[in-house]
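Let's take a friendly tour of a protein model. Have a look at the structure below, and then we will go through some of its parts.

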Amino acid sequence: MKKLILTLIFMIVYSNHNAQAKFEPDDGACLFFIGQDLQAIGGLENYTDGYCNHFDIPAGFTLYTNFSPGDESFGYYQKGNDGIKSLANWGAEDSCAQCYIDNPSFNHSMLAIGLSLVNHDKKVAKGEHDQLIIELGEWIKSIKRPVFLRIGYEFDGWDWNHYNKKHYLAAWKRIREVFDTLKVDNVAFVWQSKGTGSGQDILEAWYPGDDLVDWCGYSYFGNPDQEMLIFARKHNKPVFIAEASPVMEDDGLFFDTDLSKPKIANQVWDAWFVPFINTLNNNKDVIKAFSYINVNWTVQPMWINNPTFQKVDSRIQESAYISKKWKEEFSKPRYLKPTAELWDSLK
């Protein structure tokens, strides 16, 4: 009898350890997303020089929205849920999720949404923005496709997001509760770090909890982040590299990473792309999705004076050399293609 009980306990623990998260592909497979605005993604009537005009459409696309009504950003006054149902531009090119939902070329594309709570985490936590939560939840439910929702992304980017831990955690819980009440079952909740500088103690302190988080995530710009990989393995969560774009930095100095310049593009391939691809391939057990930001950062008002991004043009199509290398890697079968069968395989 005792042996039977121990066997059952082992089976339960083993089953829980190996249970896949929402929309998690099998080990070895990876979901590739492209972002993070209409110019960058392309593939639409008025946006004809983005990634999807030069390469195969990947598994999904990444766009942004907010629960920050009344806030101003580069002359644009936010209403909340901006860029979801209609066109919006808050200083980083046009954004419109519905534009892709309505386009037949993207019928089988998944969606990753970065949801900003900046300046409003307390109001969300207190229920003052419940209508915005309901509006977003109902829209996600209506589009009937897998959605990855990054609530308060880069929660530890205190210099630019300045979230309060108490309010942030309460806001996360509030959004989950409203979505659960609405029975939004086509969404995976992604908890995303800025990607460098936060150790295990900080990650544990800001973690909403295993029952509220489906995926862990982080940003990959200048450096890979082993801390989030360690954390995710410890909590048995898949990892979404939710923002990735080549940034070259040494001792606080940022270098030109304009991929339209052949000599620089060749250097950036070796210095950034190869380590990034190695990170994906060396962590197949845990990194199950990534989103590449295919943007000319140098011309966008939001970034033109930002020391990190003001010298970055990360558009793959601008370099014949990188385009060739990129196709060689990301045409491999492990990077899943957008099909109805893919959706059916992801639970």
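Which strands does α5 lie across?

## A helix on the strands

Helix α5 lies across β5 (110–116), β6 (147–151) and β7 (187–193), and α5 runs at about 175 degrees to β5. Helix α6 (residues 165–182) also packs on the sheet, where α6 touches β5, β6 and β7; the direction of α6 makes about 170 degrees with that of β7.

Helices (H or I, at least four residues) and strands (E, at least two) are DSSP runs, numbered from the N terminus. Angles run from 0 to 180 degrees between N-to-C directions, with axes fitted as lines to C-alpha atoms, for helices over the stretch in contact. Contact means heavy atoms within 4.5 Å.

## About the model

This is a predicted model, in which local features need pLDDT of at least 70 and side-chain atom pairs count only at pLDDT 80 or more, while totals for chains, interfaces and linings use all residues. Residues are numbered from 1 along each chain as its sequence is written, and side-chain values use heavy atoms, leaving out hydrogens and water.

## The barrel

Eight strands form a closed barrel in the order β1-β2-β5-β6-β7-β8-β9-β13, with parallel pairing (two strands pair if DSSP finds at least two bridges between them). From one strand to the next, the twist averages 30 degrees.

Strands β8 (residues 215–220) and β9 (residues 239–244) run parallel and are joined by five bridges. Ser219 has Glu243 in β9 as its bridge partner.

## A histidine in a loop

His129 sits in the loop between α4 (121–125) and α5 (130–143). The side chains of His129 and His120 are joined by a polar contact of 2.9 Å (a pair of N or O atoms within 3.5 Å; within protein, one must be able to donate a hydrogen and the other to accept it, and residues adjacent in sequence count only if both atoms are side-chain atoms).
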